[in-house]
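Q: I am new to this structure and would like to learn how to read it. Could we take it one feature at a time?

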Amino acid sequence: MEQFKAPSLLSFTDNSADNWHSWEQSFRWYIAASGEKDEKVKIDILLHAIGEDALEVYNTLTVRAEGGKLTMEDVLQAFKDYCSPQKNVVFERYQYWSHQMKTGTSVNTFITELQQKSKDCFFGISEHDILRDKLVLKSETEADFDSTRKNGEMGCKDSKTQTSSFQQICSKKKIQVNMTSDCVGGKKASLSVASKLRIHTGKKPFECDVCRKCFTRKAYLQLHMRIHTGEKPFKCDVCRKYFTYHISLKRHMKIHTEENPFKCDVCSKCFIQKNHLQSHMRIHTGEKPFECDVCRKCFTSKVNLKRHMKIHTGEKPFKCDVCNKCFIQKDHLLSHMRIHTGEKPFKCDVCSKCFHQKSNLQLHSIIHTGVKQFKCDVCSKCFNRKSNLQLHVRIHTGEKPFNCDVCSKCFKQTSELKAHKRVHT
């Protein structure tokens, strides 16, 4: 390690977030050049190089180990969270939408300013779409539409040259903007075309008085209001269940008729809706068309991608009312709530043992089947769970990833470490 120059000590003066970013980058180059692979040694190098001030901070931090074993990445993440506290997303987005183009500023510069401000907004995969909407709405509010609006008509005075220039800049910035010929060359738009124009401009003049959500058409707002009023005018004649929308009732009726018109050609499984079949087919084809812009991980459905994006944004909108723990998904919260209520709805048909989660029941059921599909490559011993095999393999490798903070003694399992810590207390 002597042949490589260690990074300078981390400073907490001035802008700690910028200081941390620079220090982390230097340290990653340093540790990569060293060729060190052992996680414990890398952590020791990190804490040695970071300086006494940062070491004092480290002693106050709660470092969470992902996967049971503390790694260098866990320590780096703890410092990052400390130096770069989470932004107020609501305020940052307000700042984004309030930002106006100053006189004399080019459109190119304005786009760059918006992209810079969007970094703290956590728009995720919608960032480019939102930037496009901001630009189009700005174009509209700054006299893209003429005074004929006062007479109930919608006109447009954007010249072909301006439109071409605007689209050219958006193209360079990889922002998709669609504009119809009705809004070029000063031609006035009729009311029906004006309604169509909102699709391209993103204008949503019909606002919900309850949640402030906006819509392009009044009819869409009226349908949306049923969510707040609780109105469900569509009734199933079979089970008397009510629905907010007619299409929801039609979809529901297929349950009673047992109509599953969409059949998989591979496994013959049938589905009520065509989009369910299309999603199912990706299991057979292996197609994963939805890619994460952050880590490039791919998914079979858009809903799975949206759920995954919350990992990067840190968003956990579902909060437990009892212990205030937060979760990414609603079903995770529901499963967690059973810890507080004591509810165990999943019952084993063989021994009647009950469980909080269905996955725990599925793991338990393997005991009764006697199936042991996880085999050790060294001694051929078999196990019914992958986690049990991983623990067993440590007998052969001698790996002891769990070390005592007091005496540095290492153990194969966390349970052994917990039992050992009682010696010190």
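A: Start with the secondary structure. The model here is predicted, and its chain comes to 17 helices and 16 strands.

Q: What share of the 425 residues of the chain counts as buried?
A: Buried means under 20% relative accessible area. Of the 425 residues, 27% fall in that class. The accessible surface of the chain comes to about 28,900 Å², and carbon and sulfur atoms account for 50% of that surface.

Q: What share of the contacts joins residues at least 24 apart in sequence?
A: Counting contacts between residues at least 6 apart in sequence, 29% join residues at least 24 apart.

Q: Which residues touch the most other members of the largest nonpolar core?
A: In soluble globular proteins, nonpolar side chains tend to be buried together. In this chain the largest nonpolar core has 20 residues, and those touching the most other members are Trp20, Trp23, Phe27, Leu46, Ile50 and Phe79. Helices α1 (16–34), α2 (39–50), α3 (52–58) and α4 (72–83) each supply at least two residues of this core. The most come from α2, which gives six.

Q: What does Leu46 touch?
A: Setting aside residues up to four places away in sequence, Leu46 touches Trp23, Phe27, Met72, Val75, Leu76 and Phe79. There is also a second, separate core of nine residues, with Phe110, Ile111, Phe123 and Leu135 among them.

Q: Which residue ranges does UniProt list for "domain: C2H2-type"?
A: The unreviewed UniProt entry lists residues 206–233, 234–261, 262–289, 290–317, 318–345, 346–373, 374–401 and 402–425 under that name. Take residues 206–233 as one case: the chain there is 43% helix and 14% strand, with the end C-alpha atoms 23 Å apart. Residues 290–317 likewise come to 43% helix and 14% strand, and their end C-alpha atoms are 23 Å apart.

Q: Where does His336 lie, and what is around this residue?
A: His336 is in helix α14 (residues 330–341). Because its relative accessibility is 11%, His336 counts as buried. Beyond its neighbours within four places in sequence, His336 is in contact with Cys320, Cys323, Lys325 and Phe327. Its side chain also makes a polar contact with the side chain of His340, at 3.1 Å.

Q: Is Lys344 buried or partly exposed?
A: Lys344 counts as partly exposed because its relative accessibility is 43%. This lysine is found in the loop between α14 and β11 (346–347). Leaving out neighbours within four places in sequence, Lys344 is in contact with Cys354, Phe355 and His356.

Q: What is the phi of Arg296, and what is the phi of Asn324?
A: Most residues other than glycine have a negative phi. Arg296 has a positive phi of about 65° although it is not a glycine. Arg296 sits in the loop between β7 (290–291) and β8 (298–299). Asn324, not a glycine either, has a positive phi of about 65°. The loop that holds Asn324 runs between β9 (318–319) and β10 (326–327). With a relative accessible area of 46%, Asn324 is partly exposed.

Technical notes:
Residues are numbered from 1 along each chain as its sequence is written. This is a predicted model: local features need pLDDT of at least 70, side-chain atom pairs count only at pLDDT 80 or more; totals for chains, interfaces and linings use all residues. Side-chain values use heavy atoms; hydrogens and water are left out. A nonpolar core is a set of buried Ala, Val, Leu, Ile, Met, Phe, Trp, Tyr and Cys residues joined through side-chain atoms within 4.5 Å. Buried means under 20% relative accessible area, exposed over 50%, partly exposed in between (1.4 Å probe, protein chains only). Helices (H or I, at least four residues) and strands (E, at least two) are DSSP runs, numbered from the N terminus. Contact means heavy atoms within 4.5 Å. Accessible areas come from the Shrake-Rupley method with a 1.4 Å probe; for residues, only the protein chains shown count as cover. A polar contact is a pair of N or O atoms within 3.5 Å; within protein, one must be able to donate a hydrogen and the other to accept it, and residues adjacent in sequence count only if both atoms are side-chain atoms. UniProt positions are given in the numbering used here, feature names are shortened, and annotations may be inferred rather than shown by experiment.
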